[in-house]
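Morning, everyone. Please have a look at the structure on the screen, and then I'll walk you through it.

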Amino acid sequence: MVGLKPSEVPPTTAVKFLGAGTAACFADLITFPLDTAKVRLQIQGENQAARAAQIAQYRGVLGTILTMVRTEGPRSLYNGLVAGLQRQMSFASIRIGLYDSVKQFYTPKGSDHSSIATRILAGCTTGAMAVTCAQPTDVVKVRFQASVHGGSGSNRKYSGTMDAYRTIAREEGVRGLWKGTLPNITRNAIVNCAEVVTYDVIKEKLLDYHLLTDNFPCHFVSAFGAGFCATVVASPVDVVKTRYMNSLPGQYHSPLDCMLKLVTQEGPTAFYKGFTPSFLRLGAWNVVMFVTYEQLKRALMEVQMFRESPF
């Protein structure tokens, strides 16, 4: 057995909610540079003017990271981290922490197992709920990650995270903070199903067929499979979401217009720009998040049971 033993008492909704948000923040701290590299690769070539003015061209994951470190300094890899952590505490807590509760709500009474359709419906529901709450944090995170500036920081548009919220609301209206909500709901419904449902199914099958026990190797394999599936199905929507969130007012009429211009100007392969960092990031993120999440649930339940124990 690797790590803490499974709790005899099922974890409560509050434990799952807190555990998911905390585990997601920990995963973000480790994988954030990969996410920033993905954003830079996704917006590269967004328009002719930007391509002509851009001095640093990004080539591959490692090349993007090295170019950013050389031209903007190491701290540029963590642009938008504060907003990213705010996003995970509100976003992952809902979409992952509430998944089991919503799945049980949709499961017919008397059923021993939830069907795939029920799990997908639960994943779509919690994903949409999470985006509705966390969208402003995602907008600010993408803006920081996409901004290019020198080491002196003289070209920064926002002085900090809270200033970014205020500036966007003042210049683009409150609706600006919810820019790209539709593609983000679409993306995260897909990602949530691919991540949470795939993890749920793989873990269940590994345990049912006694291939692995409920410990670290089982969690690792399930999380890695979830990360790969999520990257494959969500990458096109993710590129459109990133482009639309980072766009200037009036640059795109709608997410659909952004998608059509992306295809006509750069070809279908543009939908998979930044695929390698997306996979590296989602794969690593899922492994760190789910492994940490499983251990946090067990640790929090032990603490809760210890506090409730009369001895």
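What pattern does the protein follow, read along the sequence? It runs α-α-α-α-α-α-α-α-α-α-α. That is 11 helices and zero strands. Keep in mind that this is a predicted model.

Overall dimensions next. The C-alpha atoms fill a box of roughly 65 × 40 × 35 Å along the principal axes. The radius of gyration is 20 Å. A compact globule with 311 residues would come in near 19 Å, so the two agree. Of those 311 residues, 52% count as buried. Now the contacts with a separation of 6 or more: 78% of them join residues 24 or more positions apart.

Let's zoom in on one helix pair. H4 covers residues 81-95, and H8 covers residues 181-208. Their axes come within 11 Å. They cross at roughly 60 degrees. Perpendicular would start at 65 degrees, so this pair counts as oblique. The crossing is right-handed.

Which residues in H4 meet H8? Arg87, Phe91 and Arg95 do. On the H8 side, the partners are Arg187, Asn188, Asn192, Glu195 and Val196. By class, that contact has four charged, two polar and two nonpolar residues.

Last stop: the loop between H8 and H9, where H9 is 216-246. His210 is found there. Its phi is positive, about 55 degrees, although His210 is not a glycine. Is His210 buried or exposed? Exposed, with a relative accessible area of 70%. The cut-off for exposed is over 50%.

That's my tour. Over to you.

Conventions. Residues are numbered from 1 along each chain as its sequence is written. This is a predicted model: local features need pLDDT of at least 70, side-chain atom pairs count only at pLDDT 80 or more; totals for chains, interfaces and linings use all residues. Side-chain values use heavy atoms; hydrogens and water are left out. Axes are lines fitted to C-alpha atoms, for helices over the stretch in contact, and angles run from 0 to 180 degrees between N-to-C directions. Helices (H or I, at least four residues) and strands (E, at least two) are DSSP runs, numbered from the N terminus. Angles under 35 degrees count as roughly parallel, over 145 as roughly antiparallel, 65 to 115 as roughly perpendicular and the rest as oblique. A crossing is left-handed if the near helix is turned anticlockwise from the far one by less than a right angle, and right-handed if clockwise. Contact means heavy atoms within 4.5 Å. Ala, Val, Leu, Ile, Met, Phe, Trp, Tyr, Cys and Pro count as nonpolar, Asp, Glu, Lys and Arg as charged, and the others, Gly among them, as polar. Buried means under 20% relative accessible area, exposed over 50%, partly exposed in between (1.4 Å probe, protein chains only). The radius of gyration is taken over C-alpha atoms; the globule rule is 2.2 Å times the number of residues to the power 0.38.
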